[in-house]
Amino acid sequence: MIQELIVSTQNKAGVTHLAPMGIHLNGDDIIILPFRPSTTLNNLLETNTAVLNYCDDVRVFAGCLTGRRDFALMPAEKIHGAVLACTLAHTEVELVRIEDDELRPKLFCKAVHTVNHAPFMGFNRAQYAVLEAAILISRLKMLPLEKIESEIDYLRIGLEKTAGDKEREAWGWLMAVIDEHKAQL
Ligand SMILES: Cc1cc2nc3c(=O)[nH]c(=O)nc-3n(C[C@H](O)[C@H](O)[C@H](O)COP(=O)(O)O)c2cc1C
């Protein structure tokens, strides 16, 4: 199973980096798969630790893809690291081993500490729409414009029916990036 969440890592100087990642869960294995080049990869290799933030505020996903990474943080409890203040829960992990690859290495991690902060309040289609749109934005230069536009048109249906303020704000950030991309074509 792949869980979409926010990975926070720190370099040796203690500078925190946030990145949305699809984490593969296989039994007790937690596998982070960053595409090279990646700050998340560099930080994990430097410090051997990361925090997995289970976050339903999709502005963090859209924000990381649109140059907004100034989300409030708090210290991790058992490792040197930072936790997203708005996360519903988090797991602090340590790197156990690496399967190297020139494109997308596999970083096998183990959980050392998990904390719940707030209840999960149910699924929301607009949150799904923002996540999917954020993934499209991360591949903007690789995908044909017609594919992006047709997928966005579909995602907009669920968004318009079910979004709250946070989802609308995140969607707006992503659509601005697509507009900018179109203007440069
Ligand atoms: C929902 C979602 C899942 C993503 N999953 C991955 C992933 O598994 N691996 C990856 O390298 N990038 C993934 N991305 C794109 C990264 O978040 C983005 O490219 C980021 O800048 C990663 O590089 P970094 O470690 O240098 O920040 C994902 C983006 C989204 C929106």
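Biologist: Which strand gives the most to the lining of the second largest pocket?
Modeller: Bear in mind that this is a predicted model, in which local features need pLDDT of at least 70, side-chain atom pairs count only at pLDDT 80 or more, and totals for chains, interfaces and linings use all residues. Residues are numbered from 1 along each chain as its sequence is written, and side-chain values use heavy atoms, with hydrogens and water left out. Three elements, β1, α2 and α3, each supply at least two residues of that lining; helices (H or I, at least four residues) and strands (E, at least two) are DSSP runs, numbered from the N terminus. With four residues, the one that gives the most is β1.

Biologist: What volume does the second largest pocket have?
Modeller: A pocket here is an open set of points on a 1 Å grid over the protein atoms alone, where a 1.4 Å probe fits and protein lies on both sides within 12 Å along at least five of seven lines; lining residues have an atom within 4 Å of a point. Among the 19 lining residues, Glu 4, Cys 55, Phe 120, Phe 123 and Leu 131 lie nearest the centre. Points are joined across faces, edges and corners, and the volume is the space filled by probe spheres set on them. For this pocket that comes to about 550 Å³.

Biologist: How many residues in the lining of the second largest pocket are nonpolar?
Modeller: Ala, Val, Leu, Ile, Met, Phe, Trp, Tyr, Cys and Pro count as nonpolar, Asp, Glu, Lys and Arg as charged, and the others, Gly among them, as polar. Four residues of that lining are polar and two are charged. The nonpolar count is 13.

Biologist: Why does the second largest pocket lie between the domains?
Modeller: The domain assignment of the chain gives domain 1 (2-116) and domain 2 (125-184), with bounds from an automatic or database assignment. Their centres, taken over C-alpha atoms, are 23 Å apart. The pocket lies between them because its lining gets residues from both domain 1 and domain 2.

Biologist: How many residues of domain 2 are in contact with domain 1?
Modeller: Contact means heavy atoms within 4.5 Å. On the domain 1 side, 12 residues take part. On the domain 2 side, the number is 13.

Biologist: Now the largest pocket: which element supplies the largest share of its lining?
Modeller: This pocket has a volume of about 810 Å³. Of its 26 lining residues, the closest to the centre are Pro 20, Met 21, Gly 22, Phe 35 and Ser 138. At least two lining residues come from each of β1 (2-10), β2 (16-26), α1 (39-47), α2 (58-65) and α3 (125-138). The largest share, six residues, comes from β2.

Biologist: How many charged residues are in the lining of the largest pocket?
Modeller: Domain 1 and domain 2 each give at least three residues to this lining. By class, 15 are nonpolar and seven are polar. The charged ones number four.

Biologist: In what order do the strands close into a barrel?
Modeller: Strands count as paired if DSSP finds at least two bridges between them. β1 and β2 are antiparallel over nine bridges, and three bridges join β2 to β3. Another three link β3 to β8, while 10 join β7 (89-99) to β8 (106-116). Six strands close the antiparallel barrel, in the order β1-β2-β3-β8-β7-β4.

Biologist: What angle does α1 make with β1?
Modeller: Axes are lines fitted to C-alpha atoms, for helices over the stretch in contact, and angles run from 0 to 180 degrees between N-to-C directions. α1 packs on the sheet and touches β1, β2, β3 (29-32), β4 (49-54), β7 and β8.

Biologist: Which residue in the turn between β2 and β3 has a positive phi?
Modeller: Along this pair, His 24 stands opposite Ile 31, and Leu 25 has Ile 30 as its bridge partner. The hairpin has two residues between the strands. The one with a phi of about 60 degrees is Gly 27.

Biologist: And in the hairpin of β1 and β2, which residue takes a positive phi?
Modeller: Glu 4 in this pair stands opposite Gly 22. Val 15 lies in the loop between the two strands and, leaving aside neighbours within four places in sequence, is in contact with Thr 9, Gln 10 and Asn 43. Five residues separate the strands, and the one with a phi near 85 degrees is Gly 14.
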